[in-house]
Amino acid sequence: MADCQRGTASLASARLQPTRTFHIDAAEIRVLPDPAALARAAADEFSRLARESGATRGVFTVALSGGSTPKAIFNLLATDHASGASPLPWDKIQIFFGDERHVPPDHADSNFRMANEHLLSKVPIPAANVHRIEGELDAPTAATRYETKLRHVFHTATSAMPRFDLIMLGMGTDGHTASLFPGSSALDETQSLVCATWVEKFNSHRITFTYPLINAAARVLFVAGGADKTAMLGHVLRGDPSGQTYPAQQIRPVNGQLVWLVDEAAAGML
Ligand code: 6PG
């Protein structure tokens with residue numbers, strides 16, 4: 001089932017408004033002036049949703065993205081907590097990961113390790129609320145076990161689809177998101193919620209959420225910044241003149257909100 005082969009101190013504290021906000025189809029695009037403002041906006045969105053869901057539903061289910069972009073977001077959430085200004089209901093927050101590398105949790109490439117170092121080890125979230133992907137296991141086994149874990153925490157039978165309050169995503173310069181890479185057979189997965197996939201360019205497996213699970217979310221929040229993302233962001237949001245399509249374009253919440261937080265450097269083609 002699971003193996004489908006496939007900027008200052010004022011910036012840190014300011015609650016910044018986007019430079020411009022517009023829609024492209026179903027996606028809401030919010031453009032922030034620079035990387036610090038981008039991270040601040042993402043941290044504020046996380047906090048707003050955590051408070052809202054925690055208060056109205058008694059739980060906030062969130063999947064964190066990996067890579068490097070989230071580090072600044074996680075650092076802000078940790079310093080927000082340390083300031084004591086506006087605490088989050090950490091006991092009501094259930095943390096998942098949208099993807100993981102095929103490595104142990106203490107490996108330099110581990111998305112869990114990054115989130116733990118920059119955020120989870122610095123806030124009072126119960127250990128039982130942090131659900132990491134067991135990247136140290138055989139990849140298909142890790143995917144199957146994670147799907148079982150997801151269904152257990154969401155109390156869903158095998159047929160129902162877990163609906164995350166928030167799924168955070170990044171976008172690679174090749175248009176991948178989570179570990180849904182161009183050309184991988186994970187893109188064709190329609191049944192599993194989580195699967196293992198071979199990524200040729202890294203010569204390794206990854207474990208990733210699939211489109212069905214991501215597109216079932218109440219909210220998907222992409223965070224993408226930097227000039228290296230400009231061209232791909234243009235292709236993903238405005239279309240590629242060559243007609244080529246990309247995994248990040250297939251993220252369309254069926255009954256949820258899609259928001260892209262980007263900085264000016266990345267928004268040049270929008
Ligand atoms: C991962 C991520 C991946 C990431 C993008 C963007 O495990 O690497 O889940 O999808 O979000 O590659 O990465 P950066 O934020 O480092 O540009």
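This is a predicted model: local features need pLDDT of at least 70, side-chain atom pairs count only at pLDDT 80 or more; totals for chains, interfaces and linings use all residues.

Biologist: What makes Arg-48 and Glu-52 a salt bridge?

Modeller: Their side chains meet at 3.1 Å, N to O. The cut-off is within 4 Å, so the pair counts. Both residues lie in helix α2 (residues 35–57), four residues apart, about one turn of the helix.

Biologist: Why is Arg-48 called partly exposed?

Modeller: Its relative accessible area is 35%. Buried means under 20% and exposed means over 50%, so Arg-48 falls in between. Glu-52, at 34%, is partly exposed too.

Biologist: Which network does this pair belong to?

Modeller: Salt bridges link Arg-48 and Glu-52 in a network with Glu-28, Arg-30, Glu-45 and Arg-219.

Biologist: How do you know that Asp-91 forms a salt bridge with Lys-92?

Modeller: The closest N and O atoms are 3.9 Å apart. That is within 4 Å, so the bridge counts.

Biologist: Is Asp-91 buried or exposed?

Modeller: Exposed, because its 51% is over 50%. Lys-92 has 31%, so this residue is partly exposed.

Biologist: What makes Arg-132 and Glu-136 a salt bridge?

Modeller: Their closest N and O atoms are 2.7 Å apart. The limit is 4 Å, so they qualify.

Biologist: How many salt bridges does the rule give?

Modeller: The count is 16.

Technical notes:
Residues are numbered from 1 along each chain as its sequence is written. Side-chain values use heavy atoms; hydrogens and water are left out. Helices (H or I, at least four residues) and strands (E, at least two) are DSSP runs, numbered from the N terminus. Buried means under 20% relative accessible area, exposed over 50%, partly exposed in between (1.4 Å probe, protein chains only).
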